[in-house]
Amino acid sequence: MESNVTSTDGSRAYGVGTRTDVGSRRTRNEDFFSVAETKHGLLVVVCDGMGGHAGGERASRLAVQEFNAAIDANDDDARAMFERAVARANEAVYRESTQNADTAGMGTTLVAALVRAGRALVVNVGDSRAYRWHANRLERISLDHSVVEELVAAGRITAEQARVHPQRNIITRALGTSASVQPDLFEVEIGPGDGLLLATDGLHGMIADDVIEDILRRRALPDAACDELVAAALAAGGDDNVTVALVRSGEDAAIAAASATTDPVRAGDAPRTRRNGAAWLWVVLTLAAAATAWVLLVARPWERADNLAPTNPTPTIAIDTTLSGLDSILLDSTAQATPYDLLRGDSVRATMPIDTLLGSDSAAYRARDTAPRGDVVTGRR
Ligand code: CA
């Protein structure tokens with residue numbers, strides 16, 4: 001297979017890895033995410049839903065759908081577009097929450113990034129996080145809207161204490177719990193070799209940032225990094241659903257080749273990368289490495305269909321930043337999944353009883369005593 005990730009004008013390419021897992025203690029995966037190539041750039045969205053019964057799953061899915069639809073519909077400046085997309089997602093979840101008894105009181109976090117031409121615009125509500133990988137170090141981009149983050153900011157506890165704090169699951173902002181919500185926006189450079197990691201608290205609640213950093217340092221391939229991040233969260237207990245999405249900026253042939261080999265839709269769409277020196281040897285070695293990587297990281301013949309929608313075996317995609325061929329996002333049916341569709345993990349690992357919300361007060365989520373790391377949000381904003 002040919003590399004398809006370098007455009008004719010030499011602009012940068014991105015590799016994307018994703019992984020989600022229900023974890024070891026939950027019966028439902030209330031996380032939801034999407035990766036899409038839009039007319040504005042590569043769009044990655046990660047949401048962590050909350051609510052009893054089907055509420056959490058519904059909230060995160062609805063928020064991802066509405067956010068994506070708003071990005072597709074708008075074409076003015078990116079920050080305003082993100083703010084409107086958050087408002088639209090919030091309104092949709094809030095409306096359904098207040099009109100449907102089955103999903104009353106549901107809500108969701110959201111962290112999203114739009115990556116184009118070496119820059120990323122990031123937005124977040126709640127405690128799902130965005131990190132940048134830069135200069136061989138992990139950097140936090142977003143600030144959690146959570147009680148413990150405020151305690152850390154006030155110098156009253158350390159980040160390490162926050163991870164085990166009894167109030168660690170209380171978030172102070174969420175989508176869908178009030179008529180309006182204030183998101184935070186950030187802009188960062190994503191230069192050659194840099195990365196952007198979006199994750200739910202099932203990752204950073206289970207493993208420390210220096211463990212995440214160590215994995216990203218050792219795993220250049222986005223999909224391999226995502227696999228190891230989730231494996232580490234599970235090894236640490238897997239108390240919560242865990243979802244990670246990692247964008248790595250190109251220039252790295254291994255990233256490019258591994259990404260290209262998992263992208264049947266776009267394979268061959270773009271011209272090949274020019275290489276200096278022993279081009280043929282390079283191509284042969286790269287293809288061999290890519291094929292091996294594909295078998296090890298993607299095909300995984302020994303663990304079929306456990307963690308990915310069965311119609312979507314290709315969680316890693318390669319994005320051409322010329323963005324010439326716009327792929328619409330098939331939001332409504334995972335049965336039509338392509339590499340740009342919504343992806344969802346529904347692994348069957350969990351054995352814990354279904355989480356329940358205590359009480360019926362839709363104004364406040366309360367801790368679920370059946371789930372040690374149940375997500376909660378307090379109060380209306
Ligand atoms: Ca969570």
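Which residues does S97 touch, not counting residues up to four places away in sequence? The answer is T103, A104, G105, M106 and G176, where touching, or contact, means heavy atoms within 4.5 Å. The views below come from a predicted model, in which local features need pLDDT of at least 70, side-chain atom pairs count only at pLDDT 80 or more, and totals for chains, interfaces and linings use all residues. Residues are numbered from 1 along each chain as its sequence is written, and side-chain values use heavy atoms, with hydrogens and water left out.

View 1. S97 sits in helix α2, residues 78–99. Helices here are DSSP runs of H or I with at least four residues, strands are runs of E with at least two, and both are numbered from the N terminus. With a relative accessible area of 8%, S97 is buried; that word means under 20%, while exposed means over 50% and partly exposed is in between (1.4 Å probe, protein chains only). A polar atom of the S97 side chain lies 2.9 Å from the backbone nitrogen of G105, and G105 is also among the residues that S97 touches.

**View 2. Helix α2 and what it packs against.** The buried residues of α2 include A80, F82, V86, V93 and S97. Packed against the buried residues of this helix are β3 (41–50), α1 (55–73), β4 (107–108), β5 (110–116), β6 (119–125) and β10 (184–189). At the start of α2, a side-chain oxygen of D77 comes within 3.3 Å of the backbone nitrogen of R79. How far apart are the end C-alpha atoms of α2? They are 31 Å apart, which agrees with the 32 Å that its 22 residues should span at 1.5 Å a residue; the expected span is 1.5 Å times one less than the number of residues.

**View 3. Strand β5 between its partners.** β5 is mostly covered, with six of its seven residues buried. Strands pair if DSSP finds at least two bridges between them. β3 and β5 run antiparallel and are joined by five bridges; V44 has A113 in β5 as its bridge partner. β5 and β6 make a hairpin with two residues between them, and A117 in the turn has a positive phi of about 50°.

**View 4. The loop between β7 and β8.** Most residues other than glycine have a negative phi. Here A135, in the loop between β7 (129–134) and β8 (137–140), has a positive phi near 55°. N136 is in the loop between β7 and β8 too, and its phi is positive at about 65° although it is not a glycine. Are these residues exposed or buried? A135 counts as exposed at 58% relative accessibility, and N136 counts as partly exposed at 43%.

**View 5. A236 beside M206 and I207.** A236 is placed in the loop between α7 (222–235) and β12 (242–249). Its relative accessibility is 40%, so A236 counts as partly exposed. Leaving out residues up to four places away in sequence, A236 touches M206 and I207. The C-alpha atoms of A236 and I207 are 6.8 Å apart, though the two are 29 residues apart along the chain.

Methods. Polar contact = N/O pair within 3.5 Å; in protein donor to acceptor, adjacent residues only side chain to side chain.
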